[in-house]
Amino acid sequence: MLISERMLGALNEQIGHEYSASLQYTAIAAYFDCETLPLLSSHFFDQAEEEKEHAHKIIKFVLDTGGKVAIPAIPAIPAPQNTFQFTEEAVGLSLAQEKKVSAQINALVHIAKDENDYTTEQFLQWFVQEQLEEVSSMEDLLSIVQRAGEGNLLRVEEYLARKGGKGAGFKNLGGED
Ligand SMILES: [Fe+2]
Ligand SMILES: [Fe+2]
């Protein structure tokens, strides 16, 4: 195995964190679909898919290093928040989640450096950059939501439409509406 047991344990934990982030974004996407805000829904649906890809990226890396993938037990993953009073609460929670993941990635980089593990350190650079982008775009979305106000959420939908949102995330899965 190319990485230490300590590094492997930390990466396996991160796989759980990425799935947990994916579940939270799925719950937020469902909430927005329910509120008839299709572009917000599909935006968060896409975020959920991205978090799953992050988990897959780490799984592939662990396998490449000859490490054993051990997805953490489900009880270790808290249930996502499914209901929100305001849009701002859901987007605010998303920003807090992205900041938390950034701290988790930084902690992994710290372990890699501590172990003189340049392979993992280099692998993690993609995640460092990705987190910068995700925190920054979620900050933008939060300020758009705050500026529009809860009574004017169609403006947020327009903003996402201009950004090229597709809408109807769950409906893209096919089946009946
Ligand atoms: Fe992620
Ligand atoms: Fe993310």
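Q: In this predicted model, which residues is Leu40 in contact with, leaving aside its neighbours within four places in sequence?
A: Leaving those neighbours aside, Leu40 is in contact with Phe32, Val156, Glu157 and Leu160. The word contact is used here because two residues qualify when their C-beta atoms, placed from the backbone, lie within 7 Å.

Q: Where do H2 and H5 meet, residue by residue?
A: On the H2 side the residues are Leu39, Leu40 and His43, and on the H5 side they meet Val156, Glu157, Leu160 and Ala161.

Q: What makes H2 oblique to H5?
A: The two helices pack at an angle of about 55 degrees, with their axes 8 Å apart. That makes H2 oblique to H5, because angles under 35 degrees count as roughly parallel, over 145 as roughly antiparallel and 65 to 115 as roughly perpendicular, and the rest are called oblique.

Q: How many helices and strands does the protein have, and in what order do the elements run?
A: The protein has 5 helices and 0 strands, so that, with runs numbered from the N terminus, the elements read α-α-α-α-α.

Q: How do you know whether the span of H1 agrees with its number of residues?
A: H1 has 30 residues, and at 1.5 Å a residue these should span 44 Å; because the end C-alpha atoms of H1 are 44 Å apart, the two values agree. The expected span is 1.5 Å times one less than the number of residues.

Q: How do you know whether the span of H2 agrees with its number of residues?
A: The 27 residues of H2 should span 39 Å at 1.5 Å a residue, and since its end C-alpha atoms are 39 Å apart, this agrees as well. Just after H2, Gly66 takes a positive phi of about 85 degrees.

Q: What is the phi of Thr36, and why is Thr36 called exposed?
A: Thr36, which lies in the loop between H1 and H2, has a positive phi of about 55 degrees although it is not a glycine. Thr36 has 10 other C-beta atoms within 10 Å, and because a residue with 12 or fewer counts as exposed, Thr36 is called exposed.

Q: Why is Asn116 called exposed?
A: Asn116 has its place in the loop between H3 and H4, and with 8 other C-beta atoms within 10 Å it falls under the limit of 12 or fewer, so it is exposed. Its phi is near 55 degrees, a positive value in a residue other than glycine.

Q: Why is Phe86 called exposed?
A: Phe86 sits in the loop between H2 and H3, and it has 12 other C-beta atoms within 10 Å; because the limit for an exposed residue is 12 or fewer, Phe86 is called exposed. Phe86 and Glu150 are 64 residues apart in sequence, while their C-alpha atoms are 7.0 Å apart in space.

Q: Why is Lys60 called exposed?
A: Lys60 lies in helix H2 and has 12 other C-beta atoms within 10 Å, so by the limit of 12 or fewer it is exposed. Its C-alpha atom is separated by 30 Å from that of Val91, which is 31 residues away along the chain.

Q: Which residues have the most contacts inside the largest nonpolar core?
A: This core has 34 residues, and those with the most contacts inside it are Leu11, Ile28, Phe32, Leu40 and Phe44. The elements that give two or more residues to the core are H1, H2, H3, H4 and H5, and the largest share, 10 residues, comes from H1. In soluble globular proteins, nonpolar side chains tend to be buried together.

Q: How do you know whether the radius of gyration agrees with that of a compact globule?
A: A compact globule of 177 residues would have a radius of gyration near 16 Å, and because the protein has 18 Å, the value agrees. Along its principal axes the C-alpha trace spans about 55 × 35 × 30 Å, and buried residues make up 33% of the 177 residues.

Note on methods: Residues numbered from 1 in each chain as written. Chains lettered and ligands numbered in written order. Predicted model: local features only at pLDDT ≥ 70, side-chain atom pairs only at ≥ 80, totals over all residues. Helix = DSSP H or I, 4+ residues; strand = E, 2+ residues; numbered from the N terminus. Rg over C-alpha atoms; globule rule 2.2 N^0.38 Å. Buried ≥ 20, exposed ≤ 12 C-beta atoms within 10 Å, placed from the backbone. Core = buried A, V, L, I, M, F, W, Y, C linked by C-beta atoms within 7 Å. Axes fitted to C-alpha atoms, helices over the stretch in contact; angles between N-to-C directions.
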